[in-house]
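Student: Could you take me through a close look at one part of this model, namely how its helices pack against each other? I would like one connected account that I can follow with the structure open.
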Amino acid sequence: MLKRLNVFRKWKWRKPKTSKEDINEIFRFKYSMFKELLASNTEVLNIISDIEEKLQGQEIFGMSYVRAKSTRAIFSTSRMVKCLNALSNNSYDSLNGVLGKINEKIKGELGKRKEIPFTELILPYSEVTKEMVDWVGGKNANLGEVYNLVKLPIPEGFAITTHAFNSFFAHNDLVDEINKKKIMIDPDDPKTVNRVSEEIQRLIILARVPPELNKAILSAYGRIDEATRKMEPNRSSPRVSMRSSAIGEDSKLSYAGQYLSSLNVPPDKLIQTYKYIVASLYTPRAIFYRKNKGIRDEDIAMNVACLQMVESVASGVMYSRHPFNLLEDNIIITAVWGLGPYAVDGVITPDTYTVAKDERASILQTKISEKPVQLVSRPNGGLVEVSVAMDKQRKSCLLPEQVRTLAKYAIRLEKHFQCPQDIEWALDVEGRLIVLQTRPLRVESPEKNGIKQGTPKLSGYPLLVENGEVAFPGVGFGPAIHIRSDEDLMTFPEGAVLVAKHSTPKFVIAMKKAQAIVTDSGSVVGHLASLAREFAVPSILNAKVATATIPPGTEITVDAYSGRVYQGKVPELLAIQMHREPHMKDAPVYQTLKRVADLIVPLHLLDPEASYFSPQSCQSLHDISRLVHEFSYTEMFKISEVISYKGGGAVKLAAHISLDLHIIDLEGGLTGIIEGAKKVTMDYIASTPFKALLKGMMHEDLRNHEPRPIHLRGLMSVMSEQMLSPPVNAGKRFGERSYAIISDKYLNFSSRIGYHYSVMDSYCGETINKNYITFSFKGGAADDIRRNRRARAIANILKALDFLVKVNGDRVAARFQRYELAVIEEKLEMVGRLLQFTRQMDMLMNNEASVEGVAKAFLEGNYRLNQAFLDRASGNE
């Protein structure tokens, strides 16, 4: 990377001496910076999305979360600024100062929260609440809330704290030792990550736990043992489950089983198991994740939940409302014989009970499945699968009264946490029902693991849209107002539903009036999605067909739980709107997050064409990332300017197109070519956007393109323009060589033919938010009027293809962005056809009718132009 940077600087100041190898290095450097910028932009948007989710106040978090997210947001935004300046030779250096000021304000807000020093190594659950999440982790904090405030039974146990983790590391100088190991990581070589991971985990596992921590853990366990023996004098020492409860990272990562948890741990294995769980912070995946997300090791810690092992007769999962049918506000309970993992992991089809939320907790439905095996504890530690007795395999795991008791647990938990809950429970040998864990119930997408989420499809109402992506959940009803221009936005009426092809932050103007938003394109981690969450507007993006299937003015109901839109009013959906107070809103840490979020989340730079769209106007990290992302397109668009040097290490494309086209491969754009090859055929092209463009350029009706018929007035226009133009215009004619700079997902195409110059830049991959096409066309051999007519004809074609277009004289600039891969490929193919179609077209632009005529001919597939069109262009009709 340093070599490429030096080459880039050398080119900027001493172009004539730059070699072909250096030219290739410049391209690769620019592309690597661009890729890093796109990845960082995605990360910033993901952080913003996560912060907005926490601000809903339904999930417990602490200052570790606020600090970690702030650090990551600043890190990723700073990386974007660095990459943009590398692309532009420090043209945007002022952004560093703007970022620095916002960073200082964030630090100031974080500094206002005075932390009370915490020195406890162990905390019993009787002393744990949500405010201690930084000291005990999210799982432990939730259990403390359940026990102390909801007053429901949980297993006997204790939390091993953040202070214990820090003491363990300090006692063994593990921070320095781990940092030494991490120096050996090469991000481009997964083997080094695996090797370093093994070495770090070995360091932790072989390290000695400080005597005071060793004593604290064993003493806390001893109190569990003593309490158990008082109740059952003849019982052997209890075993425990030890669950990871990390802080400083995404709760989703922890919930996804990223870190180790152990069940049925005997007392002599407590200390060793604690070290195994701490070591799981340094799995290869966890190391790679933190490194790429900018998470510092000093911002993370591993807490452990140590719970008495429940010898479960039965266990399962309970949802305080239906997990994927939001029209059904009933409690769903699942149960299997034995321990819970077989219920959680889906190994056994569980019994299922549906319970109403009435005073009696009426059981509405019971489904009993066959349960041939169960998971139980081994006497000497660990778990084992055993057969279920034949007479129990088809028997209900729970009695009706036990079902009702669990249902009442669910109602109390939902009321306390102010949102639907996902609860793990167990029934012990004494007949007691115990809560093992609770967390917010997530309905994240219209489809998950092949199961439709949110709400079922309703009959009796015409369905206009389905399978859209939910940016912010909810239900909206009103007349559909299609937005096609800024004027439409300014006149958007109160209580309507905004419908549009593209997703753009400009829609913020109408958000306080809109009941819902539906767009054909867009990403749920994009700028519009962030604004929708900020303004709490139910929104469906990437609906693909909304503008085609939703008639303007029609009353519609938007189901932004399941990504559907119905014609007319749907009372069933409007009845499920949920308005809940944030569970965390009164916590000081919630207020701190709100203040910090004001410097990260809001988006003020809405219109790239506005005069205020500049570094000086940035008030948040979101503003900076938006501005940098926008300017990066411009800088990559300029990459073709580097090809002033002949060749640049390019290979010629041998194909049936009327271009002298040369290719420079940055990374994976060509495959299977022999070193030193001077020519390649289509078979060697691996670049997704380049293949799509060439497919259009080689369309059957354009492949053997004959010269355009020349009409006398058009020919005379060209001749007089060239003879009478002043000498200053003599340089307008471009060279005949065209270039494609490619990678597997990237294309910069520049075509200089005669007096025409076109440039196209595109990224085409699986991540919608990264995908775009920018296109520019300029020039012509005829007079200004005819060149302008051709420019407007091209603009009309691109507008019909859903591009955002601007025309200035004979120059057309267009953009198409944030669509899925297949749509980008389709548009690139059409651009390829357009490039071939419009050659020498300016000589046919004899009247205003030709502007619409050319566009109409192209869109109808009349690429050869029939006689009727030629007559209209000549004015002979």
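Tutor: The angles run from 0 to 180 degrees between N-to-C directions, and the axes are lines fitted to C-alpha atoms, for helices over the stretch in contact. This is a predicted model, in which local features need pLDDT of at least 70 and side-chain atom pairs count only at pLDDT 80 or more, while totals for chains, interfaces and linings use all residues. Residues are numbered from 1 along each chain as its sequence is written, and side-chain values use heavy atoms, with hydrogens and water left out.

Start with helix H8 (residues 174-182) and helix H9 (residues 190-206), whose axes cross at roughly 165° and come within 10 Å. H8 and H9 are therefore roughly antiparallel to each other. Their crossing is right-handed, meaning that the near helix is turned clockwise from the far one by less than a right angle. On the H8 side, Leu174, Glu177, Ile178, Lys181 and Lys182 are in contact (heavy atoms within 4.5 Å) with Val196, Glu199, Ile200, Leu203 and Ile204 of H9. Sorted by class, this contact has 6 nonpolar, no polar and 4 charged residues; Ala, Val, Leu, Ile, Met, Phe, Trp, Tyr, Cys and Pro count as nonpolar, Asp, Glu, Lys and Arg as charged, and the others, Gly among them, as polar.

Now turn to helix H22 (residues 688-697) and H26, which pack at an angle of about 45° with axes 6 Å apart. H22 and H26 are therefore oblique to each other, and their crossing is right-handed. H22 brings residues including Pro689, Leu693 and Met697 to the contact, and H26 brings residues including Leu828, Val831 and Arg833. The contact of H22 with H26 has 7 nonpolar, 4 polar and 4 charged residues.

H26 itself covers residues 821-837, and its end C-alpha atoms are 24 Å apart, which agrees with the 24 Å that its 17 residues should span at 1.5 Å a residue (the expected span is 1.5 Å times one less than the number of residues). Because 13 of those 17 residues are buried, H26 is largely enclosed by the rest of the structure; buried means under 20% relative accessible area, exposed over 50%, and partly exposed in between, with a 1.4 Å probe and protein chains only.

Terms used:
Helices (H or I, at least four residues) and strands (E, at least two) are DSSP runs, numbered from the N terminus. Angles under 35 degrees count as roughly parallel, over 145 as roughly antiparallel, 65 to 115 as roughly perpendicular and the rest as oblique.
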